[in-house]
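Thanks for coming. I will keep this short and go through one structure; please have it open while I talk.

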Amino acid sequence: MSNFNDNIKKRYTVSNLWNIIFTFATIVAVFMLFLLLMNIINGAFGYVAIQNTIEPTEIISSGNLDELDESQLIEILESNLSKGLIRRYNFENPLIDRSKTEIMSLVFERIIEPRVVKSWNLKESILGRNAIIEYTGREYPNAHLQFRSWLNPQFLIGSQASVPELAGIRTAILGSMMIILLTIAFAFPIGVGAAIYLKEYATDNKFTRFIQVNIYNLSGVPSIIYGLLGLAVFVRGMEPFTSGAMFGYGDPSTANGRTILAAGMTLALLILPIIIINAQEALRAVPQTMRHAGYGIGATKWQTIWSHVLPHSMDRIMTGTILAVSRAIGETAPIVVIGASTFISVDPSNIFSKFTTLPIQIYQWTSRPQPEFRNVAAAAILVLLVMLLTMNGFAIFTRNKISKNRRSN
Amino acid sequence: MSSLMEKKMHKEENNIVNDKKEMVVSLKDLNVYYGDFHAVDNVNLNLEKNKVTALIGPSGCGKSTVLRSINRMNELLPETRVTGEIVFDGVNINNPKIDAVSVRRRIGMVFQKPNPFPKSIYENISWGAKINGYNGDMDELVENSLRKAALWEEVKDKLKQSAMRLSGGQQQRLCIARTIAVEPEVILMDEPASALDPIATGRIEELIFELKKNYTIAIVTHNMHQAGRISDYTSFFLVNEDRKGHMVEYGVTDDLFLNPKDIRTEEYISGKFG
């Protein structure tokens, strides 16, 4: 009778099936992210067994160091530490002149030297608490158990150390921050400028299309290639510039171009194609009628771009830049290639300093033999994630403000 | 019958004063090419001072293209070529040596879809004046422009408000105000009412009638009744077999509508196609 066979039921079944598949995909993605986060948190907290290298009872029978006076403490220092170290302390500030609490902390750090002898992760600490207590009592009778957050204020403000519980990431945070600021300073203006040229000024011909295709290709080039390029061009080729020798900065021993400036320029190169592509997309999203409105009342190209096209696309341009910069923060390979220092305890003082970054520190710590460095690395990953989140949050906040102004003023 | 006679008489009068007519814009042998595609074929058209000239015809007949050629907006499209003469104020402006930006200030344009800038009502008017080097009293200019566009009474209390919050008809009148703020001599309108409801359309038409006292207007429209109501002259465009747009007929509006010389014009006007 009718040529229509409205198999409604079958169509709904297919529709529901796809709905289930998409929901499942989302659940899988969220679960994976959850696993990742759990894995990191698992490493960053947990019980540690702390044992003193020399028990206070070996120094004084009662074990209470407070009973000793200052001269006795200095004597203990002098008899237990090497002559060279004592000389260094005296050179910094004569021991006699130091307060008792200072001397006491030296004795504590240098002689009693409490060290983590064994660490457990969060899961073990929660589920196997009794086993841990029993194990510690058996294997380390002198040690005491303590729940430790590897992510602590000391960790944030401390510098790199060879002992896991003293290691900190201040140097790495400073390095990462300075590099990222430089990266933005180089990549944002150049990237947006190139996008404006390609989208607004350049005519559409074979040559610009060739450039366009190459930009797309460059955004997919492995980051280590950029590292090699940075090494050849910025570290080696432009050494007088990147080492700061040209401006009279940097001490000769480190003036080899492996500086924050070289790293910032390399990362800027890495994210430049991404910024150009995103900015072009943002400009493309500006309706053509807006440009015509400008031209129609006798505006030049630049007046139209500056007053209407750019304000209208700035939120999208910023989104693209945020994504690109987030990628740059996490980059490790190119930084390794251009020669980041893996063990550095001196803060970078200017853009011509040696440096390390958070990903480098994490990479270096995970490759250490002591298992405690895995905990340190986990804590550093948390810091990196928080840093990324803060930066993105700030940028998204700014972006929303811009687009809100645009819509409501 | 007698009224028709009167009209004919009137037309004859018009023809007599023809010699005194002052043409602000004259298109001579205008051809437009998009790449290899010949879009507009040999158009000759005059815009008389303080008159409204309507360009009518079916979609794709090249009437908007002709309009955009007059203030050189076509060259913003890639691979577009305009040949022939566009004489404005005694000068052929279809010449790379003539600066398109200065032409566009003197020949303003209102577009099909209202396109105010996403800024305040005040800034919409003041921006064009500012970039064109206006150094008079800005508040006065904004008020005058809005008054001329019959929008002042509606917006005088909310000049700082975003133009995007206005209704479609108000936005279009704002666009007209923005155009007249830079004191053009000619205003080109590309289907200015096609995106508006009948009431807003009516207001725009009234406005056009007012504006022609001070400006020369060319308007592209799909709506023949609109052309009949507001224009003094009408030119009818059509595409031929190889998709070239060309002008079929040009004349005084009443004449063209009541007494078309070409059979195609008659068919289009009577609604047989289009």
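Does Glu79(B) count as buried or exposed? Exposed, because Glu79(B) has 12 C-beta neighbours inside 10 Å, and the cut-off for exposed is 12 or fewer. Before going on, note that this is a predicted model. Glu79(B) sits in the loop that runs between helix H2 (63–70) and strand S4 (80–88) of chain B. Its backbone is worth a look: phi is positive, about 60°, although Glu79(B) is not a glycine.

Asp29(B) is another non-glycine residue with a positive phi, here about 50°. Asp29(B) is part of strand S1 of chain B, residues 23–34. Asp29(B) has 11 C-beta neighbours inside 10 Å, so it counts as exposed.

One more exposed residue on chain B is Asp139(B), which has 11 other C-beta atoms within 10 Å. Asp139(B) belongs to helix H5, residues 138–148 of chain B.

Now the interior. In soluble globular proteins, nonpolar side chains tend to be buried together. The largest nonpolar core in this model has 78 residues. Which residues have the most contacts inside it? They are Ala177(B), Leu188(B) and Ile217(B). Helix H7 of chain B, residues 168–181, is the top contributor to this core, with 6 residues.

Setting aside neighbours within four places in sequence, Leu188(B) is in contact with Leu67(B), Ile70(B), Asn71(B), Ile107(B), Met109(B) and Ala218(B).

Next, chain A. Its domain assignment gives domain 1 as 45–150 and domain 2 as 170–408. Taken over C-alpha atoms, the centres of domain 1 and domain 2 of chain A are 44 Å apart.

Last, where the chains meet. How many residues does each chain bring to the contact? Chain A brings 19 residues and chain B brings 24 residues. On the side of chain A that touches chain B, the elements giving two or more residues are helix H14 (288–296), helix H15 (301–330) and helix H18 (372–408). H14(A) has the largest share of that side, 6 residues. By type, the residues of chain A on that side are 5 nonpolar, 12 polar and 2 charged.

That is what I have; I will take questions now.

Methods. Residues numbered from 1 in each chain as written. Chains lettered and ligands numbered in written order. Predicted model: local features only at pLDDT ≥ 70, side-chain atom pairs only at ≥ 80, totals over all residues. Contact = placed C-beta atoms within 7 Å. Helix = DSSP H or I, 4+ residues; strand = E, 2+ residues; numbered from the N terminus. Nonpolar A, V, L, I, M, F, W, Y, C, P; charged D, E, K, R; others polar. Buried ≥ 20, exposed ≤ 12 C-beta atoms within 10 Å, placed from the backbone. Domains from an automatic or database assignment. Core = buried A, V, L, I, M, F, W, Y, C linked by C-beta atoms within 7 Å.
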